[in-house]
Amino acid sequence: MQSLPRPPHVGAPTLVLVPTELEKRRLDDLGGLPTGLGVLALCGFGPIAAAARTAQLLAELAPARVLLIGICGAYNAREHAVGSALEFDEVVVEGVGVGEGAALVPPPALGFPQWPASAANTSPIFDRLPLASRRRDGPPRLLVTTCAASADSRQARVRASRFDHALAEDMEGFAVALSCALHGTPLRIVRGVSNEVGDRAPERWRIPAALAAARERAIEVLSEHQAWSRP
């Protein structure tokens, strides 16, 4: 796997984004990703850095597709065990709008899209975006992006209750998806479950196991021969 800051290959088939240096180091410890599958780069921690850096890399490298890989928390660790991996069909952002918590009024209710319709995105972008997942059966697997991770189980329940089919929480997914949507670039997201959302006890987290599972799934995704169509 080629990594920046080696000379980038403009038009590389796949840009592989990892949010933090910690996640990248753990992936490297596990053997990294096979050579030739794409260009690996950090996108930064949290939605602001991730959106800005992804937009910069898309403009510089013009990849045909993007894969975001990292860790997440699962809202129900009994159904999606710590140490397993998930790929998502849709991503939504929580926290944009008016108010907070259960009283939050999101962009669709306000009538204010975050971005209007354009040539790249034919519909206005409010708070939810589809991903280029190949899964077509069952309810959509939804990833919830937040500016700050849930501090406890109560906050986690409030957030999960706002969205049908919410499986997990991260801090970069929607930001990367919005950048990709504005560039017309297909995006897939693979996350390893490192903890249950709201559990802030580090002794119960399983970051290496989560990234090992995410790495295996990412290699499968990157090895597929079919083109990723835009959702």
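1. A pocket here is an open set of grid points with protein on both sides within 12 Å along at least five of seven lines. By that definition, the second largest pocket of this predicted model has a volume of about 320 Å³. Its lining counts 18 residues; Asn121, Leu129, Pro130, Ala181 and Arg230 lie nearest the centre. Strand β7 (128–130) and helix α5 each supply at least two lining residues. By class, the lining splits into 12 nonpolar, 4 polar and 2 charged residues.

2. The largest pocket holds about 370 Å³ of space. Elements giving two or more residues to its lining are α1 (21–29), β4, β9 and β10. There are 23 lining residues, with Phe45, Ile71, Ala149, Met171 and Trp205 nearest the centre. Of the lining, 10 residues are nonpolar, 7 polar and 6 charged.

3. Now the cores. The largest nonpolar core has 33 residues. Leu15, Leu17, Val66, Phe88, Leu129, Val176 and Leu187 touch the most other members. Helix α5 (173–183) is among the elements that each supply at least two residues. With 7 residues, α5 gives the most to this core. Another core, of 19 residues, lies apart from it and includes Val16, Leu67, Val221 and Leu222.

4. Look at Val66 in detail. Beyond four places in sequence, its contacts include Leu15, Leu17, Val176 and Leu187. Trp228 is also one of its contacts.

5. Val92 sits in strand β6 (residues 90–94). Is Val92 buried or exposed? Val92 is buried, because its relative accessible area is 0%, and buried means under 20%. Val144 is 52 residues away in sequence, yet the two C-alpha atoms are 5.0 Å apart. Contacts of Val92 beyond four places in sequence include Val144, Phe163 and Phe174.

Note on methods: Residues are numbered from 1 along each chain as its sequence is written. This is a predicted model: local features need pLDDT of at least 70, side-chain atom pairs count only at pLDDT 80 or more; totals for chains, interfaces and linings use all residues. Side-chain values use heavy atoms; hydrogens and water are left out. Helices (H or I, at least four residues) and strands (E, at least two) are DSSP runs, numbered from the N terminus. Buried means under 20% relative accessible area, exposed over 50%, partly exposed in between (1.4 Å probe, protein chains only). Contact means heavy atoms within 4.5 Å. A nonpolar core is a set of buried Ala, Val, Leu, Ile, Met, Phe, Trp, Tyr and Cys residues joined through side-chain atoms within 4.5 Å. On a 1 Å grid over the protein atoms alone, a cavity is a set of points where a 1.4 Å probe fits but cannot get out, and a pocket is an open set with protein on both sides within 12 Å along at least five of seven lines; lining residues have an atom within 4 Å of a point. Grid points are joined across faces, edges and corners, and a volume is the space filled by probe spheres set on the points. Ala, Val, Leu, Ile, Met, Phe, Trp, Tyr, Cys and Pro count as nonpolar, Asp, Glu, Lys and Arg as charged, and the others, Gly among them, as polar.
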